Every structure is written in C-alpha cells, then in structure tokens.
Protein chains: 4
Amino acid sequence: MIIVMKPNATEENLARVKEKIERAGLSYHLSVGETRTIVGVIGDKKIIGSIEENMSVLDGVEKAVRITEKYKLVSREFHPEPTVIDVAGFKIGGEELAIMAGPCAVESMEQLREAASEVKKGGAQFLRGGAFKPRTSPYDFQGLKEEGIRLLLLAGRESGLPVVTEITGVRELDLFEDVDVIQIGSRNMQNFELLKEVGRTKKPVLLKRGMAATLREFLMSAEYILAEGNPHVILCERGIRTFDDYTRNTLDLAAVSMLRELTHLPIIVDPSHATGIARLVPPMAMAAVASGCDGLIIEVHNDPMHALCDGAQSLRPEEFDRLMGKVRRIRDVVNE
Amino acid sequence: MIIVMKPNATEENLARVKEKIERAGLSYHLSVGETRTIVGVIGDKKIIGSIEENMSVLDGVEKAVRITEKYKLVSREFHPEPTVIDVAGFKIGGEELAIMAGPCAVESMEQLREAASEVKKGGAQFLRGGAFKPRTSPYDFQGLKEEGIRLLLLAGRESGLPVVTEITGVRELDLFEDVDVIQIGSRNMQNFELLKEVGRTKKPVLLKRGMAATLREFLMSAEYILAEGNPHVILCERGIRTFDDYTRNTLDLAAVSMLRELTHLPIIVDPSHATGIARLVPPMAMAAVASGCDGLIIEVHNDPMHALCDGAQSLRPEEFDRLMGKVRRIRDVVNE
Amino acid sequence: MIIVMKPNATEENLARVKEKIERAGLSYHLSVGETRTIVGVIGDKKIIGSIEENMSVLDGVEKAVRITEKYKLVSREFHPEPTVIDVAGFKIGGEELAIMAGPCAVESMEQLREAASEVKKGGAQFLRGGAFKPRTSPYDFQGLKEEGIRLLLLAGRESGLPVVTEITGVRELDLFEDVDVIQIGSRNMQNFELLKEVGRTKKPVLLKRGMAATLREFLMSAEYILAEGNPHVILCERGIRTFDDYTRNTLDLAAVSMLRELTHLPIIVDPSHATGIARLVPPMAMAAVASGCDGLIIEVHNDPMHALCDGAQSLRPEEFDRLMGKVRRIRDVVNE
Amino acid sequence: MIIVMKPNATEENLARVKEKIERAGLSYHLSVGETRTIVGVIGDKKIIGSIEENMSVLDGVEKAVRITEKYKLVSREFHPEPTVIDVAGFKIGGEELAIMAGPCAVESMEQLREAASEVKKGGAQFLRGGAFKPRTSPYDFQGLKEEGIRLLLLAGRESGLPVVTEITGVRELDLFEDVDVIQIGSRNMQNFELLKEVGRTKKPVLLKRGMAATLREFLMSAEYILAEGNPHVILCERGIRTFDDYTRNTLDLAAVSMLRELTHLPIIVDPSHATGIARLVPPMAMAAVASGCDGLIIEVHNDPMHALCDGAQSLRPEEFDRLMGKVRRIRDVVNE
C-alpha cells in the first residue's frame, strides 16, 4: 500500500500514520516529494489490506493506494502453472477446447435425450441444462428442480457426457451429489454463503462473473471457494452490464486475456447469455475462442420457438454443428 | 406486447404469429403501416410475459416490445395508496423521516451502547449494525455473527430502538427471529432463494438495490417477497456501479422519484455506501431527502479510525447530529 | 508517480527504470518490500505526466500509478478561494443561487418574450435558449441559428436578463460577441479546438460535463480554457450515461460535492437534461441545491406540448415558480 | 411509433392524441386492450420522429415507443448491398481484410519511413499516424500538426500506402486535401459541425464510435455525413466506457455483428485504443476478425518506450507481423 499525504499535511499527521503502520506490525519507506510525502507500506499483504481503509481516514492523508491484490490462491503469481480440471476424463483448461452445450432449461426426458445426442455429435464433451432457474420475475418458469436434476443425470449417463447445472441456494446442495460440475450464476457470484458451501465440496465449480463485477471481485469470489479447500474452479465470462442496449449484456473479451495473466484457473465464455440473441452467438463464440479462452458454454435447443426459457438465444443443432467446426479451426490458429 | 414485423415479412410469417397468439389464449389487433405491420397482443399480462421471448424468434419478426411490466403486487397501479410500515410504533413511509443509524459492524457491547445512545440523541428511530458481513474478500472481517445479533438485540432493548441488521444466507434465518427489520444487501438482491424465505416470514424487509439493477429488476425482487405473502418491504437506493471512479458508487437519486411513481412501497437512501467517503455523506443525505425519500440509513461510528469495517464512510456522532437538524428542515420544505 | 516493479523484476530492469527517471531530470526514492520494489518518482508534475505511459512499457514494470493530477489552474490546491463570476452584476458562485431558465430552443420573439417575463418573475437571473442545437439526428430541428441569437439578445435586453446560449462550432464564434455566457454542450466537452477558441475570448463559459466523462477529464477540459487565459468557467453536471433506462441520464450529485473539493470553479446543475422527464425536474433541482451546487439551469416552456425541442422535459412557468420558492428555502438550510 | 395510453386515460385524452396525429398528416390504428389502449401511428417516419417527444407530454399518455429508426441512408433496409470503399485500389469492406497501421503520433520522417516499411511488410495497405492529436490534458503533446501532415503524405507517397489521419477541427480541413482517409475520433463523434463539413467533401471518412455512444447514435452520426452527400464512411468500434477498470475501454465486439445487420457501411476495429495495453492487442485483434469485422487499425511503433504518445499500447513490428499471419488465417475460417 502507498499512502499519499496531502500537500499541507503536518509532521504530526505523518507521525500518526507511521505509528499506525508500526502498531500493525508493518514497516515503511518514505518518499519526500516536492509537494507531497508518500509512504510505502511493507509487510504481509493480508494485514496491509485490513488497515487500508482506516489509513485513508487519518488527518493529512489524501489517499491510500492498493499495490498488491488481496487474492492469493487464485493468482498466477502464487501458482504459475495453469490449472487443468479433469472431469471424467474430459479436461477443462488443457490443449483442447472444453465445450458445454444443451438447453437453457431441462423440460423433459425426450428433449434432453435429443439435445445430448445432438450436442455430442457436434463435439461437446459436457451436457448443460438448468433444473433450478433463477428468474428475474417470480412468475416465470423456475425449473423442474429435483426432477430436473434426475432427468439430467439420466441423460448424462445415457450419453456418456458429464453434466453441468446451476445451483441457486445452499439447501439444494444434497441434490447435486452426482452432478459433475456445479454452476454458480452471475446473480450469485457474491452469495458468499453459497461460495463457502460449494468450497467445502470437492466438486468442480463453474463460477460466472457478476453483471457488474470487476475482475478483482470476480477473482475474490473464486478465492472464497479455494480458501475453503476446493481448487476446482472454472471462471466464466458472460457479459457485463453497460449502457449498451442492443444486446442483453456486453461481452467483455479483453477480460479473458486479462484473467489469463492474473490467474491460473481455466476461463470459459458464455456467448448465449452475453448477447441474448441466437444469431450473434456464432460470431461471439468464434471471437471468444480467438481471444484465447479454454472453452464455451452454449445454449442449444432443437425447437427454440417452444423453449420454456431463453429460446431467443438458443442455437439449433445444425447451427451448433457448423459453429463447432469453425471454432476448432480458430483454436488451431490460436495454438500455433 | 407489441410485435413489430420486419418490412419483408410474408403473409405466412404473419399467420404464424397470429396462430401462436391465439394458441396462448390471447387476442390481437393489427396495425398495417407503410413499411411494417405491427401486432398488438391483448390479454393476461402474465401469459403475455411468458410468450414474449419466443415470439421474437419467429421468422419475420423484428422485435417484441413489452408494454406492461410483469410486477403487480408492488405496483402503484395495483395499489395506489402508499404503504406505511409500522415497527414498534415507529413508521417508515409516513409523514416523518425514518432514520436508521449505527456502526457498519457490531464490534462490542460498549461500542453499540455508545452508538445507540448517540444516534438516539440525534433523533434516529432505528439502530443499525452488521453481525453477518458480506465482504468481497474472504480474508476480511466477516462479522461477529450469532454473538453480534445477540449484542445488537441487547443494545436495541436497552435503548428502546428497533434494530436493523443484514442476513447473508437462509441458514441464518432462525437467528433473526427477534430482529425488527431484516436487511438484504445489494449482493443478494437477486438471491431468489433468500427472497422467498424472508417472504415467508412476516418481518419487515429492507431490500437494497443491486449495483447493476434496473428499477424493473429491483421491483421484481421486491415482488418475490410480496408474492410469498410478506407485504412489509422497504426499498433502499444505495448507489449503482458506473464508470465514475471518484466515489465507490454513483448515488441515483432520480431513482427515488421514479420509484415513487412506480410503487407504493417506502423508499429510503443509504448515502454511506453510495459514496464510501464520510465527508460526502451529509450533502448526499440532504440531497436524498430533498429528492423525496422516506428515510435514511447512515453509518455512525464514534471512532471511525478504528472501525473494523468501512471506517472511511462513517460519520462521527457530532456530524450525525448536525446533519439530522438539516435534513429535518429540508423535509419540511419538501412536505410544504 | 509510483512505479511498481513486478515480483520477478531483475536488478537490470530496475536500473533501466532509474536511468529513465534521471534522464527526464527527475529523482526517485526506493521502497524495497517483501515481494515488490516500489519507485517513487519526484519532480515537476508535468514532466512526470509526460513519461508516465512510457514507464509502464519497460520490462519488469507492473504498473505506474499516478499520484497527482495534471490539472493545475482549475485546482483548489493551486487556488483555494472559490471563484465568483460576475455577469452584468449577477453572480455565479456567490452566496445566492444562480438560476438560468428558458426554453430549450428559441422559436420566436413572442415565445422568448413570454418566457423571459415568466422566468424573471420566478426569480431567474439569466435567460437561456438554444439557437444552435446539436441534435442526434440530422433530420431534427437544428435551431434558428443566427436569427435565434438575434432574438435571444433582443429578449435579454428587453427583460434585463443576461443570456446563456450554446455554441456548436468555432465558425459561429463571431455571432456570440454580445452573448453573456457561452455554453459548451456535453457532446463538445472534449472538442478541444472549440475549448481553445473560447479560451481566447474573455467571456464566461458554461462547460457541461460529457456523458461519459470522469471528473478528471471534466476538469482537464476546463483547464484547456483557463490555460488559454480565460478564467471564467462555470462547470455544469447534467447526468452521465449508465445502464439505467428509466431516465435519459443518471444525475450524479456526488460529483457536485466532489468537484467542490477539487476545484475553485462554480458548479451548477441541469436537472432537465439529466432526467428528460418534466415531473422529475423539481425533485432533482431540490436535491441538487441540497447537495451544495451554486446554481441551476432549467428548461421552462409555456406550452411544452408544442415545443420544437425537448418538450417532455420542460416545466410550465407555474411549476417553475413553485420550485424556485422551494429551492431557495433549501439553499438557506444548506448555508446555515 | 406506438403510443401507450395510461390505464386511467379518458376518452378526451385519447381524442386529443388522435387529433395531434391527424394534424401532423399521419394516421393511426387503435388496439384496445384489457387495461390499456395502444395507438399505432402510421406514416412518414421523419414526421413521426419529429412529433414523438411531444406526444409523451399529452395527458393520459404513458409512453411513446419508437418502432423504426430515424436513420435511413446508412441503414441496410434502405441499401441491402454492403458498401465497399475503394482507396487508391485498396478496398475496405470487400473480401480481404483492410489493415491500417502505424504510429500513434507522427514524430519524424525517419520514424514514419521505418514504420511504413515495417507495416507494409506485415501486409498493411494503409499507413496511419496522428498529426493533430486530441489529448485529455492541454499539457500533453498535441502533435506536429501541419508539419505532421506533410511528413505523413511524404511517407505515404514513398511507400505507396494511402494515409489515414485524424482531423480535430473544421479549420484544419484545407490541410487534409491530399489525405486519403480522414479520421474522426471518438471525442468528436457528435461534433456535428465537423461531421457536416467532412460530409461536404467526397473523401473517405473513418468515424470512430464515441465512448458512450449507443449504436443508434453512432449510426446517426454517420447519417450526418451521408446526408451531406458523402457516402464513403467507415465505422470503427474502439471500446466503450464501462465500470471495468483493467483495460482503458471495454471492446464491444457484439457491436460489430449487430452493426453488420443494421448498416451496409464497412466496420473496422481498433484493438489498440480499446485496451490501451500492447499485450492485449493481438488477442483482441484476432477476436475482432473472428467477429466478422472488415478490417483493423493498429498502432505499431518500432520503439514503444520512446513513443511521444500511447507507447503502452503500440506493437513492435515483429509482433505486428506475427499477428497479421494469424488474423488472415482466422479471416479464412470466417469466410468459409
């Protein structure tokens, strides 16, 4: 941490700052500039983080600037090698793109069976489908819940594809025992109680970025899971909220490249929720792969017009197929 | 709902649209314009809401425009009279401003006792204090939890002030039995499982707006609580996330006036979290009252420099006192 | 400037950094921390500003953090006393609120004469009206231009009110010779050529904040005007662009309080453009005054339904009148 | 336009609305719903656009919803074939990617000569370089101006590459007579006087999206140029301003795909300004091409550490070279 003193700070103000630093068991260096004195605080970064806010309240202090981040377990500095997560033999974060696909919501066994077969044909290694659906309106379809999980697991077993599905609350955790990858949605990215509880399982967790989350906050939420002992976290960029009104969200692909530098965790992209418009999904999926992500999660529905949820953003199986061919060729260019 | 057909839509496209509308049990009117045909859909707004997304997928459809909102119980159209919430004789949403004040985090009985006495002197009717603290970092102080609730209730009883404190997960609900007002924080505004569970209690709920929540989403989250049978919801504007980097969030006071038109629920403002800077709290509190809100929730700490949380945004008791005098006189001007 | 070295930076990397600093005629202090070395750069802040970007490119450098701002003439540090601008005996930035009111666009002499008389009755000291109108669409009414200026000046002279009107390009400057206050709109806040040219006049300039401008950028644009020799700049907050979709823009009143600390220039607020909705103008005007601004600029039209521009956000004269009474009483509370 | 009446609107309110529509020479259709009446307005879209705002002020009107856009000349509806712009035999908007590259600022003839030779080797068809530099601070390097243009034209002629350079004000227009493509920067996207003047030339114009511009506003600004008779407009996405703080701006690649649907004009992407960080330029350039853009504009500098401007975001020639190979292979995948 750097503490910038005001131009008119007194010797007494500075003495007070030094005293606080020393009391916290930290040390410092002074830089006396032409108009300002700057105090560099040195020591354990967790302790520094904990006094940061209180320093800015001291008389004579203009601002306290954070230099190092508070996250540690997720950071590449701490763990330089990329993390590869292995789910039933399929890898996320490895050489090959990880593809998760399927309907927004689980509707019936027929639907899932068909979806599983179609996405597998296109090359997906994971079957996604929502059983518990977090919806903005209490009057919208909230998912088949327990029955949805049962159907999804069945379809997964039949097709040989591991399944990915969203949890919306801690009370559902028991139902997720056989689920392969637990998804935490954007709206729950800072539901810290839920993060802690999935952190105590050993299951792979797909953590989606919140709509207004900075990368620092996103990584801190992942840190909650790792801090509880679960290192199997997959980050997912799915669009942020901006003034832009043509698409549902604004897909932030520079975040993929930036996260790559900051963390060793695998990073995937959800072009379906990012845009909310099926015809924008292929170009954004291709762009995501070009930006260097480790995989994609895509909504595919064989009858989007009758989907119970998010039909407007679902690809038809044949569109998915065509897209998979293209993203693989782009991946080859990236890997060259 | 209005369905706008593309300029090149065929008769067949239009027939398909009509058929879908009729199958859903709805009716329509056509407006045939010079370049486009527009279909006005008429009927039950919940059914309309449920088919909206699927209509936009049909061939020949340019877009589907929502005309009415899906929320009902919270809307002023449905319930024109303002809701006044009575907590132990103190009213929120009535003639008088409701003032909730106290430290960010419960730290000790001494601290709380002093805070309660100070804020009561300044005219606050409610004591606030955090026992469960949702923190961005897992390494930051997370609150005294169960012990914090116990201390807060004790301080409330001693001072005669009802207490307001935040819940962070459904598993804590039992501990909140004697709490007067349950707060749901910004990060949990769309934690729908938590909304449903507090909706099943009959306790007043203080619901904070999410950092990137539109007013529609904010009201929908309140609707979740009312739909479960709990009509005692207080809305709280606490700043939104924007590109602005001088303050922690951007306080959106026009939202107060706009919410006033859209809903009958009381609306309060949190100038402490909105700005994150103590010296901006008084002007923003005054501005909030001038904008017509029903109350304020303010952080007050008798030793901000040693606060375990959010010291930088806490007022000292004497500052709080002075501010209360001013906001009351502004309230008088507003009420004239 | 603070230069943060990467944890794995070599001695050579550091030597290169030091060399660059010294070559620029600056000096430095080192803080050697547990994981990182930090270099505090000391010297003339304009020179520091000019090398900042190039430092971040050097090998081994993690980031370069700006400590002091580049603006000087507008800063309160440099000029602690508030600036009061006197226009024909009316003051902006003094004890009394400065009120500028009138129609969005100049339409006719009758309209202006009536508007001037109405707003003067309500207590406005300035008549505003647009002759050159920057419009999003080339097909919208672009103002009466030269003729509009003529009418406005005439109405100003008749009523004894100084006039405020917007300039949209450098070629119009000659027509503004008799205009009392030249307004630069949001869309031109970073039209640096225009800023420089109005900076060479000695006329008061009302500079509106750009829709996505940080306070730093806003102040830098004002600095352009002062740097050319014109110290008569009035800053105007008029709403920023956010994800919020209920109002045209999001009025950022914390910016008023923050600007008050950063600069000595007077600050006014435009609640009409900030909201775009006439019924939100009174609460936002009151809130603005409560936040401590020096004045307001408000659209008033005696027949909003037939206004050629922005009718939806114009107050009727009787609404304006009532509002003026209230804002003055709020101002008294603020000044106490 | 659709006019939505309030649930409690009277017959008289409706009669007034109808009368206004008819007086404007337009016609309408009514949809009488269960709670609301909806009026579809039919006729010339420019006239509709001009009365829109005034309709929303009428008593009994809840809102007026725009159905068609006001832009016409730029829209794909009006002109379905993509526009291909030919500059000295090089095409923008055709089969091949158009690549514009060079230093941020023109510094000297040696620098430009070297840059031109390097970027040509990498396959760029256009040489970019800034002579007039719009800078946030008046104290930053503002470009070599007239001399910069002269050097750029010379380097263009020597290398056989057409040149692209930014104009910052109408008074500079004469100096741009021999420039091949005139760039209008983000800060001037709504400098309507400048748009009109470049619209009266016949030169290709590279129009950058404003930092907070919606696609509608962006297209409207292009419409200003076309409306003056100049159809040679190239749109450029260069990042928008969001809450995100890791990159300078947030690159909005879904805008590329969306613009493709809305307009026939060519669309290029500037990954250098979008990120502000050289090491993010290659992944974002690749992503941009994968999203389907027609070209790229990239900053290349042979000595980024000593660049007078934007060194932190400039690629070294060898990085540019490698990148060009990759984007061409991605382009092939997109074109398949």
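Colleague: How many salt bridges does the rule find across the interface of chain C and chain D?

Modeller: Six. A salt bridge here is a side-chain nitrogen of Lys or Arg within 4 Å of a carboxyl oxygen of Asp or Glu. One salt bridge joins the side chains of C:Glu217 and D:Arg241, at 2.6 Å, N to O.

Colleague: What conventions sit behind that?

Modeller: This is a predicted model: local features need pLDDT of at least 70, side-chain atom pairs count only at pLDDT 80 or more, and totals for chains, interfaces and linings use all residues. Residues are numbered from 1 along each chain as its sequence is written, chains are lettered from A and ligands numbered from 1 in the order in which they are written, and side-chain values use heavy atoms, with hydrogens and water left out.

Colleague: How many residue pairs are in polar contact between chain C and chain D?

Modeller: 24, both residues at pLDDT 80 or more. A polar contact is a pair of N or O atoms within 3.5 Å; within protein, one must be able to donate a hydrogen and the other to accept it, and residues adjacent in sequence count only if both atoms are side-chain atoms.

Colleague: Which elements give two or more residues to the chain C side?

Modeller: Helix 1, helix 2, helix 5 (192-200) and helix 6 (215-227) of chain C. Helices (H or I, at least four residues) and strands (E, at least two) are DSSP runs, numbered from the N terminus. Helix 6 of chain C gives the most, five residues.

Colleague: And the area buried between chain C and chain D?

Modeller: About 4400 Å², with 49% from carbon and sulfur atoms. Buried area is the accessible area (1.4 Å probe) that two parts lose on being put together, summed over both. In chain C, the residues that lose the most area to chain D are C:Tyr139, C:Arg171 and C:Met305, together 16% of what that side buries.

Colleague: Switching to chain A and chain B: how much do they bury between them?

Modeller: About 4400 Å², 49% of it on carbon and sulfur atoms. The rule finds six salt bridges across that interface, and A:Glu197 meets B:Arg171 in a salt bridge at 2.7 Å, N to O.

Colleague: Back to chain C. Which residues of helix 2 are buried?

Modeller: In helix 2 (residues 45-55) of chain C, they are C:Ile48, C:Gly49, C:Ile51, C:Glu52, C:Asn54 and C:Met55. Buried means under 20% relative accessible area (1.4 Å probe, protein chains only).

Colleague: What covers them?

Modeller: The cover includes strand 1 (2-5), helix 1 (11-23), strand 3 (37-42) and strand 4 (61-65) of chain C; contact means heavy atoms within 4.5 Å.

Key
Buried means under 20% relative accessible area, exposed over 50%, partly exposed in between (1.4 Å probe, protein chains only).
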